[in-house]
Amino acid sequence: MTLKSLSVINYKNIAQAELELSPGINCFIGENGEGKTNILDAVFFLSMCKSLTTSQDSLVVRHGEPFMTLQGHYEREDGSAEEVCCGLKPGQKKTFSRGKKAYKRLADHIGLIPVVVVSPTDSQLIGGGSEERRRFMDLVISQCSPPYLEALVSYNKALQQRNALLRQEDEPDPELLFLWEEAMGKQGELIYQARRQYIDSLLEPFQSYYARISQGKEQVGLTYVSHCQRGPLAEVIRRDRLKDRAVGYTLHGTHRDELEMTLAGFPIKREGSQGQNKTFLIALKLAQFDFLAHTASRTTPILLLDDVFDKLDASRVEQIVRLVSGDGFGQIFLTDTNREHLSRILSRVGEEHRLFHVSQGEFSL
């Protein structure tokens, strides 16, 4: 999938922008805080129906303005066109349409335009809690499996209901607890199987990308750990009902799953340098790209690279640009603060590109 043109009105600090885009690499150059990340976030919003940087939709509307709109014109690999529009007014429900026809459910849009993003916030995948790593898995699998997204929604509903029963002052109805535990077990095992298959398929390309970027200097690994590995999930949850009642929430389930990340056999959170961590994350996202390209809607994802070159040496930067400009990758959006540095690398790679200068939310070639 290629984004041919993008129209933006009142998105964060961007008052208005009309961009004609390259099918290859689109570079956005400028100082921090000028709007480079915001344009990538707008592309992400059109794909995922939400911002990458905030969970509050109202915060994407430019200060003092009554609405925001995004419009993207896309082209599929077969040459057919897609148009996606989004509108949002603070305090009202956002609207999405495809080809002038509004979606009844936003979930129906997820996966149409697969997207992979690499950004500074990815550092939380290594340094943050396990919920960050679960979100990493959920974001990708949801783009290629509507049943997974439905299972995730159903599981979280059952979890909330069980937790509400555990917290009430009176002794909870054991039959109601049983019903919610059964629902969590059924949906949780679907979630577990999808996550396990995803990580299994991710491991080999992830290790290959890491070796290419680092030029074979280190060995990395991923291990998925889940309570589902202890037996039927409903039974695992039910075993600790008394303990759950004491603490007031559910201690076991797929909402506690972990993705262990290692460097040379040790936790990268403890062992990795800044450069190694960044290489790890970029390789992980490129492997994610491969996964989506062969699943999802069978279309090449859009790749968003936000400030990925910081804390990387020149050889690793060039290896990354060569990788993503090669066969198998499609349209790329990237940001950087150093125009000369990026222009020098792009000239050596020779990939078709368009370079935009960004200043105070305005874009120029």
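Predicted model: local features only at pLDDT ≥ 70, side-chain atom pairs only at ≥ 80, totals over all residues.

Trainee: Okay, let's start with α4. How many residues does it have, and how far does it reach?

Mentor: Helix α4 covers residues 146-167, which is 22 residues. From first C-alpha to last it reaches 32 Å, close to the 32 Å expected at 1.5 Å a residue.

Trainee: And which residues in α4 are buried?

Mentor: Quite a list, including Tyr148, Leu149, Leu152, Tyr155, Arg162 and Asn163.

Trainee: What do those buried residues pack against?

Mentor: Four helices: α3 (130-144), α5 (174-214), α6 (233-239) and α7 (241-247).

Trainee: Switching topic. How many disulfides does the structure hold?

Mentor: It holds 0 disulfides. Take cysteine 85: the nearest cysteine sulfur belongs to cysteine 86 and is 8.9 Å away. A disulfide needs the two sulfur atoms within 2.5 Å, so cysteine 85 is in none.

Trainee: What about cysteine 228?

Mentor: Cysteine 228 is in no disulfide either, and its nearest cysteine sulfur, on cysteine 144, is 19 Å away.

Trainee: Are cysteine 85 and cysteine 228 buried or exposed?

Mentor: Cysteine 85 is buried at a relative accessible area of 18%, and cysteine 228 is buried at 11%.

Trainee: Now α9 and α10. At what angle do they pack?

Mentor: Helix α9 (residues 274-293) and helix α10 (residues 314-324) pack at about 5 degrees, and their axes are 12 Å apart. With that angle, α9 is roughly parallel to α10.

Trainee: Which residues meet there?

Mentor: On the α9 side, Gly275, Gln276, Thr279, Ile282 and Leu286; on the α10 side, Arg316, Ile320, Leu323 and Val324. By class, that contact has 5 nonpolar, 3 polar and 1 charged residues.

Trainee: Why would you call α9 largely enclosed?

Mentor: Because 17 of the 20 residues of α9 are buried, the rest of the structure largely encloses it.

Trainee: Last thing, those backbone angles. What's the phi of asparagine 10?

Mentor: Asparagine 10 has a positive phi of about 60 degrees, although it isn't a glycine. Most residues other than glycine have a negative phi.

Trainee: Where does asparagine 10 sit?

Mentor: Asparagine 10 is in strand β1 (residues 2-11), and it's buried, with a relative accessible area of 5%.

Trainee: And lysine 12?

Mentor: Lysine 12 has a positive phi too, near 55 degrees. Lysine 12 lies in the loop between β1 and β2 (14-20), and at 16% relative accessibility it counts as buried.

Methods. Residues numbered from 1 in each chain as written. Heavy atoms only, no water. Helix = DSSP H or I, 4+ residues; strand = E, 2+ residues; numbered from the N terminus. Expected span 1.5 Å × (residues − 1). Buried < 20%, exposed > 50% of the residue type's maximum accessible area, 1.4 Å probe, protein only. Contact = heavy atoms within 4.5 Å. Axes fitted to C-alpha atoms, helices over the stretch in contact; angles between N-to-C directions. Parallel < 35°, antiparallel > 145°, perpendicular 65-115°, else oblique. Nonpolar A, V, L, I, M, F, W, Y, C, P; charged D, E, K, R; others polar.
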